Amino acid sequence: MRYTKLHSTLTTLRAHAGTAALAGATALLLLGTGAQAQDKPVQLKLSSWVPPQHPLNPSLIAWAEDIKKASGGSITATMYPSEQLGKAFDHYDMARDGIADFAYVNPGYQPGRFPVMAGAGLPFLFSNAKGGSAAIDAWYRPYAAKEMKDVHFCFAFVHDPGTFHSHKKIVLPSDVKDMKIRPATSTIGQLVTSLGGTNVQASAPAARDALSRGVADAITFPWGSIVLFGIDKVVNYHMDVALYTTPFVWVMNKDKYNAMSPAQKKVIDDHCTTEWAEKVASPWADFEYAGRAKIAAEPGHEIYKLTPDQLAAWHKAVAPAEAEWASSVKKAGYDPKAVMDSLKQELVKHKAGL
């Protein structure tokens with residue numbers, strides 16, 4: 001049918017144009033009819049280190065299904081959760097090296113490697129994850145090309161604010177002294193150190209074991225994930241404050257991206273946007289927010305608020321971590337004030353600041 005229509009069109013052109021014009025028109029017509037057919041099938045390996053039931057995974061699978069639809073079926077994907085392709089700490093390098101085509105990365109798992117992004121992990125910045133994910137993505141895009149130059153940046157996002165969950169009650173910054181704490185980010189780790197505590201490095205899947213064996217006394221974690229990872233079985237005290245959020249990125253192997261056709265690259269570009277960052281993060285945000293009520297309903301748990309004076313003490317206590325972050329960003333060649341001011345502006349714009 002397509003050939004018959006094409007032959008008829010060429011016959012009409014032959015009657016009205018010379019040989020040169022006919023050759024040009026033929027090339028254009030053939031290009032128009034064959035563009036989709038020329039796209040080679042692309043199979044993507046998506047790597048996530050959280051378990052299958054974690055709400056991030058269905059969001060990423062839905063994102064991939066939309067890519068399949070937009071590419072006319074030429075781009076398909078398979079999700080590998082639960083560290084099947086590699087450890088959580090290694091996911092950035094896995095994307096760089098092509099072990100995964102897309103990887104879910106916590107930049108804070110490698111302290112000092114991504115100094116700009118570490119600023120988003122400083123305490124008392126984000127009030128929520130939905131607008132917060134749009135804000136961090138819009139803010140980080142200009143920096144990603146340099147700071148994460150080994151990969152093709154897709155988008156950044158955050159989880160809903162987390163806090164301290166511990167074996168003993170933590171009320172004042174001085175309570176952290178001599179405690180062993182698993183920090184969520186490098187900046188929280190700096191805070192712990194400045195308060196006289198010791199950092200215990202453990203990925204989210206390994207955190208429960210560290211707490212149950214006494215290797216760690218406390219963890220900074222969002223509420224819903226406390227239940228998901230079974231950490232509610234090994235901690236009893238929960239500080240009710242929006243202490244921090246963890247910044248994440250979804251990144252792609254550069255060679256995989258560069259090998260795609262222009263049409264396929266456009267499909268990927270259309271799915272690596274600020275809008276998609278918020279869309280992917282939103283179900284997880286709802287899940288984490290709901291976790292507080294789940295823990296409150298469990299016996300043996302104490303969720304406690306801070307007084308204004310106690311909260312003021314925490315705000316004062318984060319100053320050394322902020323200064324240390326500013327120093328690291330300056331060494332990397334950036335103006336820390338400009339970097340932080342631009343993040344706060346995006347947080348205000350997306351109604352996600354404290």
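A salt bridge is here a side-chain nitrogen of Lys or Arg within 4 Å of a carboxyl oxygen of Asp or Glu. The structure is a predicted model, in which local features need pLDDT of at least 70 and side-chain atom pairs count only at pLDDT 80 or more, while totals for chains, interfaces and linings use all residues. Residues are numbered from 1 along each chain as its sequence is written, and side-chain values use heavy atoms, with hydrogens and water left out.

**View 1. The salt bridge of Asp 101 and Lys 256.** The closest N and O atoms of Asp 101 and Lys 256 are 3.9 Å apart. Asp 101 lies in the loop between helix 4 (91-97) and strand 3 (102-105), whereas Lys 256 belongs to helix 10 (residues 254-258), so the pair ties together parts that are 155 residues apart in sequence; helices (H or I, at least four residues) and strands (E, at least two) are DSSP runs, numbered from the N terminus. Asp 101 counts as buried at 5% relative accessibility, and Lys 256, with a relative accessible area of 25%, is partly exposed. Buried means under 20% relative accessible area, exposed over 50%, and partly exposed in between (1.4 Å probe, protein chains only).

**View 2. The salt bridge of Lys 337 and Asp 341 in helix 15.** The two side chains meet at 2.7 Å, N to O. Because Lys 337 and Asp 341 are four residues apart in helix 15 (residues 336-349), they are separated by about one helical turn. Lys 337 counts as exposed at 57% relative accessibility, and Asp 341 is partly exposed, with a relative accessible area of 30%.

**View 3. The disulfide of Cys 154 and Cys 272.** A search of the whole structure finds one disulfide (a pair of cysteine sulfur atoms within 2.5 Å), and this bond joins Cys 154 to Cys 272 with an S to S distance of 2.1 Å. The pair links distant parts of the chain, 118 residues apart, with Cys 154 in strand 4 (residues 152-158) and Cys 272 in the loop between helix 11 (262-270) and helix 12 (274-297). The link is left-handed, with -95° about the S-S bond, and both cysteines are buried.

**View 4. Surroundings of Trp 63.** Leaving aside neighbours within four places in sequence, Trp 63 is in contact (heavy atoms within 4.5 Å) with residues including Cys 154, Phe 155, Trp 250 and Trp 276.
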